[in-house]
Amino acid sequence: MSDANGTNGNGTNGTNPEKDLGASNLPGRRGDGGEEIRVQRGMFGANNGGDTSGYGGLVRSIRLPGPAARPYGGWFDEVADELEGALEEQGLVPENAIEKTIVDRDEITFHIDREHLLRVARTLRDDPALRFELCTGVSGVHYPQDKGRELHAVYHLRSITHNRLIRLEVSAPDSDPRVPSLVSVYPTNDWHERETYDFFGIVFEGHPALTRIMMPDDWQGFPQRKDYPLGGIAVEYKGAQIPAPDQRRSYS
């Protein structure tokens with residue numbers, strides 16, 4: 001039953017407050033903070049052909065979130081302290097292994113120097129206070145304008161013991177796309193690393209059999225990189241034919 005204010009008596013308007021899509025429940029905007037890596041023009045940012053979307057006038061800044069300052073909040077500080085302490089016990093200066101820590105949209109990401117990735121991963125898995133036993137895979141990201149670190153490998157680690165989820169991110173330059181394989185630490189990463197290599201060209205050193213997994217063995221290039229040619233083939237429909245993306249009508 002609604003009261004005189006149109007609510008259902010508990011101060012809400014009858015909707016589930018946990019699913020309310022009001023501004024307070026939407027992800028915060030980064031605004032002018034963080035690191036600007038490029039200015040995107042158009043709907044998708046493609047610049048190797050004419051504008052086929054009709055949204056070529058859109059202009060927006062593409063930003064990566066900047067490093068977070070302590071305290072991070074919640075259990076994030078506990079994990080960060082335990083990780084740094086465990087690395088120090090191994091004789092490693094934490095600042096040499098952890099390039100930066102980002103807290104964004106209630107998630108924590110540790111950016112790791114690729115030379116120390118294996119040691120950090122083993123520490124996160126084996127330290128009793130951390131116990132991130134499961135890596136749910138690795139994904140590739142390509143930032144062509146992020147000079148010197150164009151290729152990123154992103155890992156999601158879950159602690160079943162402590163019910164926690166963190167992210168590791170490692171970068172490598174186009175000119176030297178090597179990242180240590182984590183198959184020896186997390187064997188389930190085997191096919192994930194192959195797929196990331198297949199689509200982004202990141203070479204996972206130490207992988208037992210780093211070959212393509214989706215594309216043909218003789219395929220040239222890495223299809224999910226942003227500098228990969230759009231290409232495409234014409235698609236036939238009944239009574240019509242849709243030209244390939246690089247042959248469609250351009251609005252610019």
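## Reading strands, a buried threonine and a surface patch

Setting aside neighbours within four places in sequence, Thr109 touches Lys100, Thr101, Ile102, Arg167 and Glu169. Keep in mind that this is a predicted model.

Q: Where does Thr109 lie?
A: Thr109 is part of strand 4, which covers residues 107–112.

Q: Is Thr109 buried or exposed?
A: The general idea is a cut-off: under 20% relative accessible area means buried. Thr109 has a relative accessible area of 5%, so it is buried.

Q: Which side chain does the side chain of Thr109 make a polar contact with?
A: That would be the side chain of Arg167, at 2.7 Å. Arg167 also turns up among the residues in contact with Thr109.

Q: How does strand 4 run relative to strand 7, parallel or antiparallel?
A: For two strands to pair, there must be at least two bridges between them. Here 3 bridges link strand 4 to strand 7, and the two run parallel. If you want to find one of the pairings on screen, look for His111, whose bridge partner in strand 7 is Glu169.

Q: And what about strand 6 and strand 7, in which sense do they pair?
A: Strand 6 (residues 151–159) pairs with strand 7 in the antiparallel sense, over 9 bridges. Among those to look up, His152 has Ser171 as its bridge partner in strand 7.

Q: How many residues sit between strand 6 and strand 7 in their hairpin?
A: There are 4 residues between them, and in that turn Asn163 has a positive phi of about 55°.

Q: Which residues of helix 4 are buried?
A: Helix 4 spans residues 190–200, and its buried residues are Glu193, Arg194, Thr196, Tyr197, Asp198, Phe199 and Phe200. Strand 5, strand 6 and strand 9 are among the elements covering them. Just past the end of helix 4, Gly201 takes a positive phi of about 80°.

Q: Which residues form a nonpolar patch on the surface?
A: Met43, Tyr55 and Leu58 do, with about 280 Å² of accessible area together. Met43 sits in the loop between strand 1 and strand 2. Partly exposed lies between the buried and exposed cut-offs, 20% and 50%, and Met43 counts as partly exposed because its relative accessibility is 34%.

Definitions and conventions: Residues are numbered from 1 along each chain as its sequence is written. This is a predicted model: local features need pLDDT of at least 70, side-chain atom pairs count only at pLDDT 80 or more; totals for chains, interfaces and linings use all residues. Side-chain values use heavy atoms; hydrogens and water are left out. Buried means under 20% relative accessible area, exposed over 50%, partly exposed in between (1.4 Å probe, protein chains only). A polar contact is a pair of N or O atoms within 3.5 Å; within protein, one must be able to donate a hydrogen and the other to accept it, and residues adjacent in sequence count only if both atoms are side-chain atoms. Contact means heavy atoms within 4.5 Å. Patches are made of residues with over 30% relative accessible area and no salt bridge: like charges are joined within 9 Å, nonpolar side chains (Val, Leu, Ile, Met, Phe, Trp, Tyr) within 5 Å. Accessible areas come from the Shrake-Rupley method with a 1.4 Å probe; for residues, only the protein chains shown count as cover. A salt bridge is a side-chain nitrogen of Lys or Arg within 4 Å of a carboxyl oxygen of Asp or Glu.
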